[in-house]
Amino acid sequence: MILSTLENLPGLTITQHLGIASGSTVRSKHFGRDIMAGFKNIVGGELKGYTELLNESRLQAIERLKEQAAGMGADAVLNIRFGTSSIAAGAAEVFAYGTAVKVSRV
Amino acid sequence: MADLFFIFWAVIPLIIGYVVGTLLEQKHYASIRKREQEMLDKALVFNLPNAPIMAGAPQLRLVAGSVVVSVDAFKRMAAKLHSFFGGRVTAYESLLDRGRREAILRMREKAHELGATMVFGLRLETSGINNGDPRLTTGIELIAYGTAIIPDSTVTGTAAPWGTRA
């Protein structure tokens, strides 16, 4: 499965558009990470716990996107976009979406 | 006495935030500049939606870099004052600038690691982690992502450190 933010793939032609594929996950941060964040809110700096948490979430979203695209019979997902939204206290949604296509070598 | 106690707890975080925050920011900027110099001719980034046709069969990989930066107590206070008077909030400008440059650098380093020479279709994203209330922003996430282009090893003749297409 080729995942790409591009509109077209160099050296490949799109033979069929299969529609939108998406994947998302909602995660909440755990207590320990919040204590560290409270400290960092005084001195500033990177919130590594949050960076890791959101990276894990994004990976999960991509996995689900891939699964869905594979189910559609796609061999590539183009024009992928990510989004994040805080939906409730302590929880954030991370989603990824793109266009599932079939491609072949020129 | 109670007033004194209150002032103490209100002012101390500001001073610590200013001193440590400024030091950390300078250190971070020094690291960013150094790494940007190192990456100068590696993993060039473009936000064009199409990649050029290349010889052979280049591999494409989704790469991303992200960072969650926190706002220190002094910057938060400064921003509050600014929101009253209006104008440029320089404290946040530098924070977002180095956050975004850090995210782009992490993405480029990842791409370089995979053997990519270019990253096309770059996208940048910013989101506040604030439990739905902008006044409670604990961190700001900056994401950079794009498509790394790994040249065909059979064309360039170099050894291929990367695996098969995912």
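Which element of chain A has the lowest confidence, and which has the highest?

## Confidence of the model

This is a predicted model, in which local features need pLDDT of at least 70, side-chain atom pairs count only at pLDDT 80 or more, and totals for chains, interfaces and linings use all residues. Residues are numbered from 1 along each chain as its sequence is written, while chains are lettered from A and ligands numbered from 1 in the order in which they are written.

In chain A, confidence is lowest in helix H1 (residues 31-43), with a mean pLDDT of 68, and highest in strand S1 (residues 2-3), at 93; pLDDT is the predictor's confidence in each residue, from 0 to 100. Helices (H or I, at least four residues) and strands (E, at least two) are DSSP runs, numbered from the N terminus. Across chain A the mean pLDDT is 87, with 91% of the residues at 70 or more. Where pLDDT is low, the predicted coordinates should not be read in detail.

## The sheet of chain A

Four strands of chain A form an open sheet with mixed pairing, in the order S1-S4-S5-S2. S1 and strand S2 (12-28) of chain A each have a single partner strand and stand at the edges, so one side of each is left without a neighbour in the sheet. S1(A) pairs with strand S4 (residues 76-88) of chain A in the parallel sense, over 2 bridges, where two strands count as paired if DSSP finds at least two bridges between them. A:Leu3 stands opposite A:Val77 in S4(A).

## The elements of chain B

Chain B has 4 helices and 4 strands, which follow one another from the N terminus as α-β-β-α-α-β-β-α.
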